[in-house]
Amino acid sequence: MDGLSSQLQAALYALHSHETSAQAESNAWLNEFLQSDESWNACIRLYENDTTSSIRSMCVSLLTRKVRMDWSGGWLTEQERAAKREQCKVMYLSQIGSASPDRLLIRQLVLLQVLCIETEEHVRDLVQHAVEALSHSTMCYAGVEILLTIPNEFRESSRRVHGKLLPVLKSYTQMVLDAVDRQLLPSGGDDMLHRMSEVIRAWVELPSIPGGLPETDIIEFSRRHQNIFRFLVSECFDKGSEPAYGALVACFKGTCPEDHADEAMPLFNGII
């Protein structure tokens, strides 16, 4: 590694020390480091050369801060952003393709990729990749993380480009829910099942942005997505899952006008 990457490595290790003064010095150095143009490549080089999970995680966190700082301010050219976006993609693909993928690192790399989205093609490619990943046992976790992170990050993002792309993202809602409906796996473990419930809720709630789902009532929605409904009801009433309850409420609120509620309840009770 070069000198700056070595300095970065030392600063990150100092954060784990028990000396308050060393931690304070490290934080001060890192804040100044992130202002430099060389900080991006130094983080990439350290990520590639130090395989310690905690160091890699901190490198990705720094890259995420760098994207939030630099990309919204327009400091980078389109070519520079494209090159950095490709680096983030390579890091993500390398991690999900490794023999023992680190789930925390995947979650961080997913967020980093989502923050780099700038065009309709970027939305399409990442959503399609996530949908395809759901059908592969070794990549399902990554697919779930992408499908959860994109809608949540876009709604909360202060970047104008993400706001403009919300209608594009919303246009994939039906495709995403159909894919989730096909791939719901009750044996996926509690954490995965909770995340899947959160994915369903995030996409069902997208219609709160002007536009809406094609389904106009809960009956039509539940007929198209029978597995989703049965999954949510089972998780909610059999296991007391709060994420499933939130998703179930979102399904009703998002597709069922108040004057249709009485009509929908027999179907709901039948599923239970």
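Buried residues are those with under 20% relative accessible area, exposed residues have over 50%, and partly exposed residues fall in between (1.4 Å probe, protein chains only). The legends below describe a predicted model, in which local features need pLDDT of at least 70, side-chain atom pairs count only at pLDDT 80 or more, and totals for chains, interfaces and linings use all residues. Residues are numbered from 1 along each chain as its sequence is written, and side-chain values use heavy atoms, with hydrogens and water left out.

**Figure 1. Overview of the protein.**
The secondary structure consists of 15 helices and 0 strands; helices (H or I, at least four residues) and strands (E, at least two) are DSSP runs, numbered from the N terminus. Of the 272 residues in the protein, 49% are buried. A contact means heavy atoms within 4.5 Å. Among contacts with a separation of 6 or more, 70% are between residues 24 or more positions apart. The accessible surface is about 13,700 Å², and carbon and sulfur atoms account for 49% of that area. Accessible areas come from the Shrake-Rupley method with a 1.4 Å probe, and for residues only the protein chains shown count as cover.

Helix α5 covers residues 78–96, 19 residues in total. From first to last C-alpha α5 reaches 27 Å, close to the 27 Å expected at 1.5 Å a residue; the expected span is 1.5 Å times one less than the number of residues. The buried residues of α5 are R81, K84, R85, C88, M91, Y92, Q95 and I96. These residues lie on the same side of α5 because they cover an arc of only 125 degrees around the axis, the arc being that of the directions from the helix axis to the C-beta atoms. An α-helix has 3.6 residues a turn, so residues three or four places apart point the same way. Exposed residues Q79 and S94 are on the face of α5 turned away from its buried side. The cover over the buried residues of α5 includes α3 (39–49), α4 (53–70), α6 (103–115), α7 (120–133) and α8 (140–156).

C88 is found in helix α5 and is buried, with a relative accessible area of 0%. Not counting residues up to four places away in sequence, C88 touches W40, L112, Q113 and C116.

C116 is buried at 1% relative accessible area. C140 also counts as buried, at 9% relative accessibility.

**Figure 2. Helix α1 and its packing.**
Helix α1 (residues 3–15) has 13 residues and reaches 19 Å from its first C-alpha to its last, close to the 18 Å expected at 1.5 Å a residue. S5, L8, A11, L12 and A14 are buried in α1. These buried residues pack against α2 (20–33), α3 and α4.

**Figure 6**
Rings of Phe, Tyr and Trp (its six-membered ring) pair if their centres lie within 6.5 Å; planes under 30 degrees apart count as stacked, over 60 as edge-to-face and the rest as tilted. A search of the whole structure finds 1 aromatic pair. W29 and F33 form this pair, which is stacked, at 5.0 Å centre to centre with 15 degrees between the planes. In helix α2, W29 and F33 are 4 residues apart, a separation of about one helical turn. W29 is partly exposed at 25% relative accessibility, whereas F33 is buried at 5%.

T64 is in helix α4 and is buried, with a relative accessible area of 10%. T64 touches L111, L112 and L115, leaving out residues up to four places away in sequence. G73 is in the loop between α4 and α5 and is partly exposed, at 35% relative accessible area. The C-alpha atoms of G73 and R159 are separated by 9.3 Å, while the two residues are 86 residues apart along the chain.

**Figure 3. D178 in helix α10.**
D178 is placed in helix α10 (residues 173–183) and counts as buried, at 18% relative accessibility. Leaving aside neighbours within four places in sequence, D178 is in contact with R224 and H225.
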